[in-house]
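Let's take a friendly walk through this protein, from its inside to its charged pairs. Please keep the sequence and the model at hand.

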Amino acid sequence: RPADKASRYAELAEEIASVLEGEPNRVARMATIASMLHDAMPAYFWTGFYVADGPEELVVGPYQGTLGCLRIRFGKGVCGTAAATRQTQIVRDVHAFPGHIACDSRSNSEIVVPVLDPGGELIGVFDVDSTEFAAFDEVDAEWLERILARAFSA
């Protein structure tokens, strides 16, 4: 199954890069990535971006799914932890994550990937929730990091 997931991500990475080619607007890029990944990956329940807004806070950006939290402080919950540490967070059971923010009680696992600009500054985080437990692993982390780095490196 991980091999199947990796091959699906590889295909998606090329599709996303092709659609984004020549598009300079960051919001358009975020909206397209969230839409394409949400539509293509069955385990994705909530898929989107939280954008850095000031030095210590994220604000909801383009997403697909149910209502998201509007603002998240750095260091709070999975998104805030990813923003503060600049490290991808893979959470097999969000209910066991200290300080988890339940934007939708149906979410059971989550992956959050920091999104950096070419200078290494935090743009925001890419957040995916699933109703399944343990829906995300290193394959998801590797490919999401790769897709996001390519999309926001220019």
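Which residues have the most contacts inside the largest nonpolar core? They are Tyr9, Ile33, Leu37, Phe49, Phe126 and Phe152, in a core of 31 residues. A nonpolar core here is a set of buried Ala, Val, Leu, Ile, Met, Phe, Trp, Tyr and Cys residues joined through side-chain atoms within 4.5 Å; buried means under 20% relative accessible area, exposed over 50%, and partly exposed in between (1.4 Å probe, protein chains only).

Please note that this is a predicted model, in which local features need pLDDT of at least 70, side-chain atom pairs count only at pLDDT 80 or more, and totals for chains, interfaces and linings use all residues. Residues are numbered from 1 along each chain as its sequence is written, and side-chain values use heavy atoms, with hydrogens and water left out.

The top contributor is α4, with eight residues. Helices (H or I, at least four residues) and strands (E, at least two) are DSSP runs, numbered from the N terminus. A second, separate core has 17 residues, among them Cys69, Ile72, Val78 and Val94.

**An enclosed helix**

Seven of the nine residues of α3 are buried, so this helix is largely enclosed by the rest of the structure. The buried residues of α3 pack against β1, β2 (57-64), β3 (71-73), β4 (89-91), β5 and β6, contact meaning heavy atoms within 4.5 Å. Just after α3, Arg86 takes a positive phi of about 60°.

**Salt bridges**

The whole structure holds eight salt bridges, each a side-chain nitrogen of Lys or Arg within 4 Å of a carboxyl oxygen of Asp or Glu.

Arg150 lies in helix α4 and Glu14 in helix α1, so their bridge ties together parts that are 136 residues apart in sequence. Glu11 and Arg8 both sit in helix α1, three residues apart, about one turn of the helix. As for the remaining pair, Asp137 is partly exposed at 27% relative accessible area, whereas Lys5 counts as buried at 12%. Lys5 and Asp137 also belong to a network of salt bridges with Asp140.
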